[in-house]
Amino acid sequence: MGIGLTADELASIRSAISDLLPDVCTIQKVTYTKNDIGEPERSYSTRAADVPCRLDPGRSARLSGNEQISPMMNYFLVEGTYILTLPYDTTIEETDRVIKDGDTYEVRYVDSGKSWAGSRRVVVMRLEV
């Protein structure tokens, strides 16, 4: 008997997780250009709209001060960070940003490269406007 998940089991897990993504967000990708005097400028365009998601406060094991270690165990969280959960096959990069309910979040870390990925987890920080 092999160890692991069958394709049907993994599909069932992904379907169950999709039921736990109650909100939608827009993922924006960055483009770098130069202005009239050659200075770099960044602009954003939509990578994906109406992406199912869930945004949770970045709370986990308390370390010291305002730092925490993420549930992914490989990224330190600071006050104001959140964990964004997306469908497993969502394209998102660390240079992207996310718009949810009118708030803008900067992507800080994408937890990828997992076997049997049921979802995509992303550490984001809310930008103050």
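In this predicted model, the largest nonpolar core takes in 14 residues, and the ones touching the most other members are Leu84, Leu86, Ile92, Val98, Val107, Val122 and Val124. Leaving aside residues up to four places away in sequence, Val122 touches Tyr82, Ile83, Leu84, Leu86, Ile92, Val107, Tyr109 and Val110.

Stepping back to the whole chain, there are one helix and eight strands, and the order along the sequence reads α-β-β-β-β-β-β-β-β. Among contacts with a separation of 6 or more, 55% link residues 24 or more positions apart. Of the 129 residues, 30% count as buried. The chain exposes about 8300 Å², with carbon and sulfur atoms supplying 48% of that area.

As for the cysteines, a search of the whole structure turns up zero disulfides. Cys25 is in no disulfide, and its nearest cysteine sulfur belongs to Cys53, 3.6 Å away. A disulfide calls for sulfur atoms within 2.5 Å, so the Cys53 sulfur, at 3.6 Å from that of Cys25, is too far for a bond.

Definitions and conventions: Residues numbered from 1 in each chain as written. Predicted model: local features only at pLDDT ≥ 70, side-chain atom pairs only at ≥ 80, totals over all residues. Heavy atoms only, no water. Core = buried A, V, L, I, M, F, W, Y, C linked by side-chain atoms within 4.5 Å. Buried < 20%, exposed > 50% of the residue type's maximum accessible area, 1.4 Å probe, protein only. Contact = heavy atoms within 4.5 Å. Helix = DSSP H or I, 4+ residues; strand = E, 2+ residues; numbered from the N terminus. Areas by Shrake-Rupley, 256 points an atom, 1.4 Å probe, with all protein chains shown as cover.
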